[in-house]
Amino acid sequence: MAAASSSDYDGCGAESNEANSKWLDAHYDPMANVHTFSACLALADLHGDGEYKLVVGDLGPGGQQPRLKVLKGPLVMTESPLPALPAAAATFLMEQHEPRTPALALASGPCVYVYKNLRPYFKFSLPQLPPNPLEQDLWNQAKEMSLPSVPVFLEVSGQFDVEFRLAAACRNGNIYILRRDSKHPKYCIELSAQPVGLIRVHKVLVVGSTQDSLHGFTHKGKKLWTVQMPAAILTMNLLEQHSRGLQAVMAGLANGEVRIYRDKALLNVIHTPDAVTSLCFGRYGREDNTLIMTTRGGGLIIKILKRTAVFVEGGSEVGPPPAQAMKLNVPRKTRLYVDQTLREREAGTAMHRAFQTDLYLLRLRAARAYLQALESSLSPMSATAREPLKLHAVVQGLGPTFKLTLHLQNTSTARPVLGLLVCCLYNEALYSLPRAFFKVPLLVPGLNYPLETFVESLSNKGISDIIKVLVLREGQSAPLLSAHVNMPRSEGLAAA
């Protein structure tokens with residue numbers, strides 16, 4: 001087996017030798033005859049001896065002769081045929097007693113095979129015998145969730161009994177997000193191209209598309225960022241370094257690069273002799289941070305992350321950035337500039353004192369205005385802890401009749417508010433309000449209460465005025481808070 005002569009690239013600078021690389025080349029075999037993708041790779045301590053093995057659902061050359069392979073280091077430890085092409089592989093714990101050896105679940109064709117101690121243990125076929133009643137109830141709950149299209153990538157976070165979110169990338173080019181209490185998708189992310197990968201990094205969904213780009217979305221479907229790739233994305237997986245609390249996305253490209261991103265920041269680039277079609281990162285053997293890659297030609301590449309390696313955003317550039325070396329086009333000094341510089345040197349102390357005086361006056365006026373607003377309750381937010389309220393007014397319409405909506409909210413954590421009144425002060429020659437004084441219902445903490453009323457403009461001269469909205473407590477004359485609503489001009493009267 002030949003050692004890999006790959007190079008690392010960070011940011012804008014290239015690292016051409018292994019001494020400067022973040023990775024150690026542990027193994028490279030271009031003739032390993034491993035044909036698979038990322039979902040069919042799993043790392044697990046299958047024998048409970050502390051040494052992790054690599055489980056591979058191998059498609060076989062040309063999609064023929066699928067096999068289940070278990071690798072220990074660079075060697076194939078066991079190999080067994082599969083009746084159909086594998087779709088995914090995962091390990092899980094079936095028993096609680098020691099030693100806790102995981103079982104292997106492999107999806108192949110219409111069946112899910114469960115192996116224990118690398119021997120067939122269970123076989124679940126679809127359809128199959130009636131399941132356990134408890135399991136049937138869980139499947140019935142999951143069956144109620146429906147999607148408009150066939151899902152191709154799934155990403156789940158949370159616990160089923162508490163709260164969970166399910167993100168499904170479907171064949172119609174959309175990503176649907178479901179929650180535990182929703183039978184239908186709560187949010188929908190519309191992509192401009194078909195997805196090729198879906199990874200969750202902390203609270204961000206990272207999606208790879210056929211337009212050679214990575215996109216970051218929140219769980220509510222808001223787009224955060226987009227990064228353009230230099231080539232097509234062949235595979236994606238998660239890089240999680242527990243010792244440093246790092247989670248990043250690995251993307252294998254068609255040009256033979258493996259790029260590592262944290263959000264939209266490029267952390268590292270690994271060059272490989274062939275295009276990488278599957279990625280897996282985790283504990284392998286007795287090394288905690290091992291990267292396993294398989295190539296399009298069936299090769300196997302194993303790299304170990306150095307214990308001293310630190311991924312830094314912006315790469316490992318040495319010296320100042322290139323922009324610092326660019327000369328600025330500074331204009332020539334004019335006579336006016338020179339005279340102004342001399343004047344500032346001579347009167348620098350007086351100019352500084354004048355600036356400080358103006359700054360102190362500005363702070364004093366701001367403090368006085370703030371105090372006046374608190375004393376007269378001119379602020380839209382209550383300043384007292386006993387009445388934590390917030391008021392927001394919205395005017396809708398073109399006129400002469402406007403709709404005035406007052407959004408009143410109780411900002412306390414647990415105490416409801418009762419016994420409030422709303423009073424509107426206005427110029428009766430300009431406006432008419434059918435409800436200028438009314439009671440406010442019980443305000444539950446955290447909820448927004450829209451209180452609606454109508455304002456009719458009486459003037460045909462196209463003038464407008466301010467309507468003062470006061471929130472009062474029953475039996476008190478001083479308002480708790482107030483808002484000044486700048487009424488718009490009546491466009492209806494102007495058009496008439």
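A search of the whole structure, which is a predicted model, finds eight salt bridges, a salt bridge being a side-chain nitrogen of Lys or Arg within 4 Å of a carboxyl oxygen of Asp or Glu. Residues are numbered from 1 along each chain as its sequence is written, and side-chain values use heavy atoms, with hydrogens and water left out. In this predicted model, local features need pLDDT of at least 70 and side-chain atom pairs count only at pLDDT 80 or more, whereas totals for chains, interfaces and linings use all residues.

Among the salt bridges, Lys303 and Asp25 meet through their side chains at 2.2 Å, N to O. Because Lys303 lies in strand β26 and Asp25 in strand β3, this pair ties together parts that are 278 residues apart in sequence; strands are DSSP runs (E, at least two residues) and helices likewise (H or I, at least four), numbered from the N terminus. Lys303 counts as buried at 3% relative accessibility, where buried means under 20% relative accessible area, exposed over 50% and partly exposed in between (1.4 Å probe, protein chains only). A salt bridge also joins Asp58 to Lys69, with the closest N and O atoms 2.8 Å apart; Asp58 belongs to strand β5 (residues 53-58) and Lys69 to strand β6 (residues 67-72), and both Asp58 and Lys69 are buried. In the salt bridge between Arg307 and Glu287 (3.4 Å, N to O), Arg307 is exposed, with a relative accessible area of 68%, while Glu287 is partly exposed at 26%.

The structure also holds four aromatic pairs, defined for rings of Phe, Tyr and Trp (its six-membered ring) with centres within 6.5 Å, planes under 30 degrees apart counting as stacked, over 60 as edge-to-face and the rest as tilted. The rings of Trp23 and Phe281 have centres 6.3 Å apart and planes at 90°, so this pair is edge-to-face; it links strand β3 (residues 23-29) with strand β24 (residues 276-284), the two residues being 258 residues apart. Trp23 is buried at 1% relative accessibility, and Phe281 is buried at 11%. Trp23 and Phe311 form a tilted pair, 6.4 Å centre to centre with 50° between the planes, in which Phe311 lies in the loop between β26 (300-305) and α2 (335-346).

As to confidence, the protein chain averages a pLDDT of 82, with 86% of the residues scoring at least 70; pLDDT is the predictor's confidence in each residue, from 0 to 100. Over residues 1-16 the pLDDT is below 50.

Methods: Contact means heavy atoms within 4.5 Å.
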